Amino acid sequence: MVRFKFEGRELEGREGDTIAAALHANGIKVLSHSRRHHRPRGFFCAIGQCSSCLMEVNGEPNVRVCIVPLEEGMDVKLQPATGGELKW
Amino acid sequence: MVNTDLLVVGGGPAGLAAADTAASLGIDVLLVDEGRAVGGQLVKQTHKFFGSGEHYAGVRGIDIPKLLNREENSQRVRILTDTTVVGCYEDGVVSALTGEDNYFKIKAKRAIFATGATEKFLSFPGNDLPGVYGAGAVQTLMNQFGVIPGKRVLMVGAGNIGIIVSYQLLQAGVPVAAVVEAAPTIGGYLVHASKLARAGVPILTRHTILEARGKDAVESAVIAQLDDNWQVVPGTEEEVDVDVVCLAVGLSPVVDLLRQLGCEMKYVPELGGHVPIRDKNLKTATGWIYVAGDVAGVEEASAAMVEGRLAGAAAAAELGADKQEADTVISRCLASLDALRGGPVGEKIRSGIAKLEGGAVNA
Ligand SMILES: Cc1cc2nc3c(=O)[nH]c(=O)nc-3n(C[C@H](O)[C@H](O)[C@H](O)COP(=O)(O)OP(=O)(O)OC[C@H]3O[C@@H](n4cnc5c(N)ncnc54)[C@H](O)[C@@H]3O)c2cc1C
Ligand code: FES
């Protein structure tokens, strides 16, 4: 079991899951929101091509959670549609 | 800066075959793939392959990468997974990102782009709701991660992919409310379609999805019948109770990087959309870039592998491999592609490729 956090909640995923697969297995379908109307967005392509699953992971915005492997202790959050503050 | 003779971008069947062939002709290869493991679309294909024996028919898709990633070539092929090519520059420098923060540049003498294809979208109200998935994503969830996508599915598209994924959903215990197909006939192989029919899943030809409804995720979908002019027949609208809408309406080539490089494109619907212009050996006019597999035109894994071998051999020849050996591989591949694209099944692809060879460029 791999423990991680989603919006402060403690969740468990399985070894070898991507972040998105683990969230889905926990019943979490809303991964992001559209920019203007803030409509909920979910998983669509699963291969890193559609940008529907961008989330903040360990403080890093715009992570494609559908292709990034889940790791112990990861802190996964919904992000503002623009990806939050720019960090240069 | 990482220097390499041959860079292969994408480790699906096309990229793996390209790397394997170039390596067996004595060329050092760097292969990068943004996924967790190589295999591309194949890693989710638990079904046995259709196609001819020479091209792994009867082998399960998930087992093919092993056949392509051979021990004897491992010295010559360096594979980096979790590595995305993010930029391409005219001076032949390619930039890549491993994980979230290891950014580096690659300078390659030749590169083969085998970035595959991505699911096509359909426009209807609610198409952006969570619960609307591409068929490949449903396969990824179920077959790769063992996670079911939802409780009840509406499948849109009755081509091979829509039919196979529907059947896999049933195998995973997820009911399929119906398969809707706008065309008047089922596109997929009838053996698979009849398995669905026997399981009681209606395959509704001349039907389409009008809307997905729900608040934070799909709660239902509205379908309706189409007439001969593809217009909705009033009064046939029906709301089906599903939490997943799965789109299997085709794939389109992932050509963004090639565009960055200034590769000339042409819109060829038979090949899935905008595809790079290239010669018979799959070389583009850039002089150092080849393409292979679905990125060059959406076909099947068998053709992708042969295209990979063809591009791998052609690039190897330019990089100093034994010319005769390379030429033998090239002619074998060309013959093999002709055979794969022969007959009525290959007609669409043949006419698509014919359009690439002549005619005006309308990129
Ligand atoms: C649901 C489904 C069922 C199918 N069933 C069959 C079948 O039974 N028989 C058959 O012959 N074919 C089948 N196909 C088709 C077959 O899977 C594809 O034609 C084949 O996988 C194409 O191979 P490819 O190497 O061109 O691309 P892909 O397999 O898509 O591989 C592309 C690779 O490139 C990588 N990539 C993309 N962009 C980047 C980047 N910027 N940086 C790094 N890496 C990148 C991706 O991670 C991926 O691994 C099926 C397809 C689907 C979707
Ligand atoms: S679901 Fe498409 S990029 Fe992640």
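Trainee: In which helix of chain B is the place of S166(B)?

Mentor: The model is predicted. In chain B, residues 160-171 form a helix, and S166(B) has its place there. That helix is α4.

Trainee: Is S166(B) buried or exposed?

Mentor: Buried requires a relative accessible area under 20%. S166(B) has a relative accessible area of 0%, so S166(B) is buried.

Trainee: How many residues does the contact take from chain A and from chain B, and what is the area buried between them?

Mentor: The contact takes 25 residues from chain A and 34 residues from chain B. Carbon and sulfur atoms give 55% of the area buried between the two chains. That area is about 2,400 Å².

Trainee: With which residue does R41(A) form a salt bridge?

Mentor: The rule finds three salt bridges across the interface of chain A and chain B. In the one formed by R41(A), the closest N and O atoms are 3.1 Å apart, and the cut-off is 4 Å. The partner is D128(B).

Trainee: Which elements give two or more residues to the side of chain A that touches chain B?

Mentor: By class, that side of chain A has 13 nonpolar, five polar and seven charged residues. The elements of chain A that give two or more residues to it are α1 (19-25), β4 (40-41) and β6 (60-64).

Conventions: Residues numbered from 1 in each chain as written. Chains lettered and ligands numbered in written order. Predicted model: local features only at pLDDT ≥ 70, side-chain atom pairs only at ≥ 80, totals over all residues. Heavy atoms only, no water. Contact = heavy atoms within 4.5 Å. Buried area = accessible area lost by both parts, 1.4 Å probe. Salt bridge = Lys/Arg side-chain N within 4 Å of Asp/Glu carboxyl O. Helix = DSSP H or I, 4+ residues; strand = E, 2+ residues; numbered from the N terminus. Nonpolar A, V, L, I, M, F, W, Y, C, P; charged D, E, K, R; others polar. Buried < 20%, exposed > 50% of the residue type's maximum accessible area, 1.4 Å probe, protein only.
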